[in-house]
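Student: I am new to this structure and would like to learn how to read it. Could you take me through a few features?

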Amino acid sequence: MVSVRVAVLTYRRPDDIAAAIPRLLAEVEGARAAGWPTELLVVDNDPQGSARDLVPAGVAYLVEPEPGIAAARNRALADTEADLLVFIDDDERPVDGWLKLLLECQATYGCSVVGPVVSEFDGEPDPWIVGFFDRRRLPTGTPVHVAATNNLLLELAEVRRLGLRFDTEFGLSGGSDTVFTRQFTQKGGRMVWCDEAVVYDIVPADRATRSWVLRRSLRSGSSWSASSRQIARTPIERLTWFGKDLGSGLARLGGGLLRLAAGALSGNQSLRAAGLRNLARGLGLAAGAFGYRYFEYRRA
């Protein structure tokens, strides 16, 4: 059996990491019982090591002082000698058997694996924002060309063969996982979807607001355009991506305006929300094509 390391990254979220570790240890034990040598790693991006006392004995713990999630992800890559590295966020909770499902899918398809993320709200959400948290679902085995790291299994031999690391330029803006996985597939790496390996993203009250979801849509759009510039290998490719992202952004702006107007005329709240979501995403894409970046994770 191949060896496995599960990496959970954290930054000054003691309640989240304290809740995540027992669930992840149960998954680690389940994988071990099924024959996979597996361990858990916590990477703390707080230079003060504030999560240290929350990590039990027997769990690997590292402090990565360089700010930004890309640096923490790179620390997990550099420190891991296992065959497979599984990333999950500290505010997510896997279904029972999640890790075995990822590993079985990897054994079946012989490549890296992406799992779905489903949002759950800490309290009753404003119906206006619910659609902002909808994420894709695909049949198991479907090839995937871009992914986040909040539910991702990587074949490290392939990652190292391709010479990939997470781009620290995106550490405080977000999007380093987008750049990484787009480069991974661009260079010939393979990822497939495993729809059964669900993790639940716990959305706290301070993120379940209209202003936060609109800022996240703006950031998502600008990060995508920035990642397009980053993966472009020639001036022609960069110009091509510029045209695609600008065109997509303008199309979303136009569609968003139409939906917003239709929602206003009909009194349909969901339609108005969808219009504003398209406007924010489209603005991010169009502005990002010209170099705009929104640094969502900027620190004091």
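Tutor: Gladly! Two strands pair if DSSP finds at least two bridges between them. Helices (H or I, at least four residues) and strands (E, at least two) are DSSP runs, numbered from the N terminus. This is a predicted model, where local features need pLDDT of at least 70, side-chain atom pairs count only at pLDDT 80 or more, and totals for chains, interfaces and linings use all residues. Residues are numbered from 1 along each chain as its sequence is written, and side-chain values use heavy atoms, with hydrogens and water left out.

Student: In which sense do β7 and β10 pair?

Tutor: β7 runs parallel to strand β10 (residues 199–203), and five bridges join the two. Across this pairing, E120 faces I202 in β10. Both strands belong to an open, mixed sheet of three strands in the order β5-β10-β7. β5 (92–94) and β7 (117–121) are at the edges with a single partner strand each, so one side of each has no neighbour in the sheet.

Student: How should I read a nonpolar core?

Tutor: In soluble globular proteins, nonpolar side chains tend to be buried together. Here, a nonpolar core is a set of buried Ala, Val, Leu, Ile, Met, Phe, Trp, Tyr and Cys residues joined through side-chain atoms within 4.5 Å. Buried means under 20% relative accessible area, exposed over 50%, and partly exposed in between (1.4 Å probe, protein chains only).

Student: Which residues of the largest core touch the most other members?

Tutor: They are V6, L40, V42, V86, W98, L102 and L103, out of 33 residues in that core. Helix α1 gives the largest share, six residues.

Student: And how do I read a salt bridge?

Tutor: Side chains of opposite charge can pair when their charged atoms come close. The cut-off is a side-chain nitrogen of Lys or Arg within 4 Å of a carboxyl oxygen of Asp or Glu. There are 18 salt bridges in the structure. One of them joins R12 to D46, with the closest N and O atoms 3.3 Å apart. R12 sits in the loop between β1 and α1, and D46 in the loop between β2 and β3, so this pair ties together parts 34 residues apart in sequence.

Student: Is D46 buried or exposed?

Tutor: D46 is buried, at a relative accessible area of 2%.

Student: Where are the two partners of the bridge between R93 and D16?

Tutor: R93 is in strand β5 and D16 in helix α1, 77 residues apart. Their closest N and O atoms are 3.7 Å apart. R93 counts as buried at 11% relative accessibility, whereas D16 is partly exposed at 22%.
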